[in-house]
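Subject: Structure handover and notes

Hello,

I am passing on the structure that we talked about, and my notes follow below it. Please keep it open while you read, and look up each part as it comes.

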Amino acid sequence: MCVCVCKPAYDSSLTDAQWVQIEPLLPRTAAALGGRPPVISRRLLIDTVLYVLVSGCAWRMVPHDLAAWSTAYRWFADRTADGTWARVHEVLRDRVRAGDGRDPQPSAAVLDSQSVKSSEGGEQIGYDAGERVRGRKRHLLVDVLGLMLVGIVHSASVQDRAGARRVLTGARARFPLLGLVWVDGGYINSVDAGLVGWAARQEGIEVVAVPRNVEVEGFQVLPHRWVVERTFGWLTRCRRLARDYERKIAHAEAMIQVAMIRLMAARLAGEDIEPTGPIETEAARRLADDLAN
């Protein structure tokens with residue numbers, strides 16, 4: 001009879017190589033335990049969080065061979081409150097950039113937003129009249145690799161230019177080399193070009209709009225800007241992020257951080273958790289062309 005403690009075999013679970021990247025960055029104990037070692041392993045807890053993230057299930061519906069949902073949710077909430085997810089995310093992002101031969105401090109970035117429906121109540125629920133979505137808006141600032149630099153979640157009723165100011169406020173202090181941010185035309189128009197002047201004065205950042213070709217109808221792949229669209233695609237492959245199920249803004253932002261942590265841990269481990277096919281191949285080719293130009 002097998003008496004070993006076997007790791008649950010779910011596609012969302014961390015591999016040994018991925019766990020090696022994350023394990024040293026997680027606190028070994030919680031302040032509430034007074035220094036006592038936890039009863040449940042941190043790996044089982046994070047596997048439970050990842051199961052909820054990837055599968056999109058409710059916390060109460062996690063399988064019984066994972067951690068108890070109440071314990072995993074409390075651990076996730078505690079790690080959100082103490083800033084663990086943000087710290088782990090920043091360390092892994094710097095490692096991925098360094099592994100790609102880049103300075104950990106980016107000099108250029110791409111900004112965009114995504115409005116998502118909210119199926120629950122909670123903080124900052126609003127209506128985006130342009131997208132006709134009731135819920136929240138995710139505002140991301142990503143580097144040219146698509147890695148998140150700043151991620152903020154707010155009401156969908158907040159206009160893009162106002163949301164952009166929230167994202168860019170303090171960005172230069174966190175990323176001293178950042179001097180250029182690409183956006184779409186919705187952030188800069190003939191009625192309100194205040195974002196450009198504000199970013200230059202307050203943050204020393206040049207905001208540049210990537211224009212659409214008015215002669216082309218329908219969807220267009222725009223230079224630079226498609227990078228952030230791909231990042232949104234990475235996130236929504238996690239079903240928990242296909243909508244906004246979190247009642248708290250902090251938890252909504254933490255789920256985005258955990259999704260990026262999972263992606264970056266796989267890259268550092270030399271593993272691939274992204275779908276492969278002709279679309280992904282074409283995206284990789286366009287990224288190479290974009291970076292070469």
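Before the notes begin, contact here means heavy atoms within 4.5 Å, while helices (H or I, at least four residues) and strands (E, at least two) are DSSP runs numbered from the N terminus. This is a predicted model, in which local features need pLDDT of at least 70 and side-chain atom pairs count only at pLDDT 80 or more, whereas totals for chains, interfaces and linings use all residues. Residues are numbered from 1 along each chain as its sequence is written, and side-chain values use heavy atoms, with hydrogens and water left out.

Let me start with helix H4 (residues 84–99), where Thr84, Trp85, Val88, His89, Leu92, Arg93, Val96 and Arg97 are buried, a word that stands for under 20% relative accessible area, with exposed meaning over 50% and partly exposed in between (1.4 Å probe, protein chains only). The cover over the buried residues of H4 includes helix H1 (16–22), H2, H3, strand S4 (148–155) and H9. An α-helix has 3.6 residues a turn, so residues three or four places apart point the same way. Just after H4, Gly101 takes a positive phi of about 80°.

Helix H3 also has buried residues, namely Ala72, Trp75, Phe76, Ala77, Arg79 and Thr80, and H2, H4 and H9 are among the elements that cover them. Just after H3 comes Gly83, with a positive phi of about 80°.

How do H2 and H3 pack, and at what angle? Helix H2 (residues 42–55) and helix H3 (residues 69–81) meet at an angle of about 90°, with their axes 9 Å apart, where axes are lines fitted to C-alpha atoms, for helices over the stretch in contact, and angles run from 0 to 180 degrees between N-to-C directions. The contact is formed by Arg42, Leu45, Ile46, Thr48 and Val49 of H2 together with Thr71, Ala72, Trp75 and Phe76 of H3.

Finally, the largest nonpolar core has 54 residues, and Ile46 and Trp85 have the most contacts inside it; such a core is a set of buried Ala, Val, Leu, Ile, Met, Phe, Trp, Tyr and Cys residues joined through side-chain atoms within 4.5 Å. Helix H9 (residues 249–268) supplies the largest share of this core, 12 residues. A second, separate core of 20 residues includes Leu111, Ile152, Ile205 and Val207.

Best wishes
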